[in-house]
Amino acid sequence: MDRHSILEELKKVLAPYTKNKELLNSVTEHTNLITDLHINSANLVDIIIDAEAKYNIEIDMDAAEKISTVGSCIDVILEKMNHAS
Amino acid sequence: MSNYNDILEHLPYKSSFRFVDNILQLDEDGVTGEYTLREDAFFYEDHFIDNPITPGVIITEIMAQIGLVVLGIYLLKKKNHHSVQAPETFPLFSSTEIAFYKIVLPGEKVTVVSKKEYFRFGKLKCYVEMWNEKNELVAEGTFAGIVNDASDLKSNQW
């Protein structure tokens with residue numbers, strides 16, 4: 001799975017937690033979940049849990065702390081997917 | 001009184017804003033507790049005029065204190081091997097979606113039943129119900145909050 005297709009799928013994961021849906025159209029790897037998409041930090045936990053279910057991976061505290069931008073989410077997902085296979 | 005009530009010493013509330021009397025059951029998966037609405041509670045004089053009814057925000061607070069805060073402190077104590085001290089712990093309510101079915105009058109005793117959905121990265125999410133003494137469902141909803149040590153909150157975003 002390449003970074004671009006993960007980014008497209010991540011937009012669907014982020015959608016329920018992003019109030020302003022128009023912001024999702026301009027998401028890039030540099031988009032910050034909290035400062036750009038205005039996602040409540042408590043909802044980051046739900047996003048991590050949704051991503052775990054979608055990609056059948058487990059994200060631990062160390063990995064979760066690396067998440068800030070969409071690109072860092074993709075890094076963590078790819079790392080855990082490669083680790084699992 | 002049950003043997004679960006030691007946890008009540010760790011609640012960061014007092015007098016007029018502590019809405020937990022007794023914990024009936026408490027383990028890693030959930031909690032059951034009860035509270036009797038005081039007839040002289042501060043909100044009855046004003047809500048409503050000459051018609052005292054427990055405000056929805058107070059119902060919500062009772063459900064959150066028993067269903068999230070008591071369980072959250074228990075889980076945190078367990079994780080930290082019982083080293084949590086009351087002054088360093090405080091809960092932050094992050095979201096709720098709640099439906100109300102019955103009113104609660106002064107003097108009524110309510111029972112709150114909370115089932116854990118998850119506790120991860122310091123966030124506790126539960127499905128919480130409130131029942132009255134006639135065994136009628138008063139309210140139900142999904143509650144979430146951040147339960148953490150103050151020291152953790154200062155050092156990271158979780």
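A:H38 is partly exposed, because 13 C-beta neighbours lie inside 10 Å and the partly exposed class falls between the limits of 12 or fewer for exposed and 20 or more for buried. This residue is found in the loop between α2 (22-25) and α3 of chain A. Phi of A:H38 is near 60 degrees, a positive value in a residue other than glycine. The model is predicted.

**Backbone geometry in chain B**

- Most residues other than glycine have a negative phi, and most peptide bonds are trans.
- B:N135 is not a glycine, yet its phi is positive, at about 65 degrees.
- The location of B:N135 is the loop between β5 (123-131) and β6 (137-149) of chain B.
- B:N135 is exposed, because 7 other C-beta atoms lie within 10 Å and the limit for an exposed residue is 12 or fewer.
- A cis peptide bond runs from B:H47 to B:F48, with omega near -5 degrees.
- B:F48 sits in the loop between β2 (30-36) and α1 of chain B.

**Helix packing in chain A**

- Two packed helices are described by the angle between their axes and the distance between the axes.
- The axes of α1 (residues 3-14) and α3 of chain A come within 10 Å and cross at roughly 130 degrees.
- The crossing of α1(A) past α3(A) is right-handed.
- From α1(A), the contact involves A:E9, A:V13 and A:L14; from α3(A), it involves A:I47, A:D50, A:A51 and A:K54.
- By class, this contact of α1(A) with α3(A) has 4 nonpolar, no polar and 3 charged residues.

**Contact between the chains**

- Chain A supplies 8 residues to the contact and chain B supplies 10 residues.
- On the side of chain A that touches chain B, the elements giving two or more residues are α3 (41-55) and α4 (61-65) of chain A.
- α3(A) gives the most to this side, with 4 residues.
- The side of chain A that touches chain B has 5 nonpolar, 2 polar and 1 charged residues.

- Chain B has 2 helices and 6 strands, and their pattern along the sequence is β-β-α-β-β-β-β-α.
- Of the 158 residues in chain B, 31% are buried.
- Among contacts in chain B with a separation of 6 or more, 64% join residues 24 or more positions apart.
- In soluble globular proteins, nonpolar side chains tend to be buried together.
- The largest nonpolar core has 51 residues, and those with the most contacts inside it are B:I59, B:I62, B:M63, B:V70, B:V112 and B:M130.
- α1(B) provides the largest share of this core, 13 residues.
- Leaving aside neighbours within four places in sequence, B:I62 is in contact with B:F19, B:Y35, B:V110, B:V112 and B:M130.

**B:G72 in helix α1 of chain B**

- B:G72 lies in helix α1 (residues 56-79) of chain B.
- B:G72 is buried, because 24 other C-beta atoms lie within 10 Å and the limit for a buried residue is 20 or more.
- Not counting residues up to four places away in sequence, B:G72 touches B:P91, B:L124, B:G145 and B:V147.
- B:G72 and B:P52 are separated by 20 residues in sequence and by 32 Å in space, C-alpha to C-alpha.

Methods. Residues are numbered from 1 along each chain as its sequence is written. Chains are lettered from A and ligands numbered from 1 in the order in which they are written. This is a predicted model: local features need pLDDT of at least 70, side-chain atom pairs count only at pLDDT 80 or more; totals for chains, interfaces and linings use all residues. Two residues are in contact if their C-beta atoms, placed from the backbone, lie within 7 Å. Ala, Val, Leu, Ile, Met, Phe, Trp, Tyr, Cys and Pro count as nonpolar, Asp, Glu, Lys and Arg as charged, and the others, Gly among them, as polar. A nonpolar core is a set of buried Ala, Val, Leu, Ile, Met, Phe, Trp, Tyr and Cys residues joined through C-beta atoms within 7 Å. Axes are lines fitted to C-alpha atoms, for helices over the stretch in contact, and angles run from 0 to 180 degrees between N-to-C directions. A crossing is left-handed if the near helix is turned anticlockwise from the far one by less than a right angle, and right-handed if clockwise.
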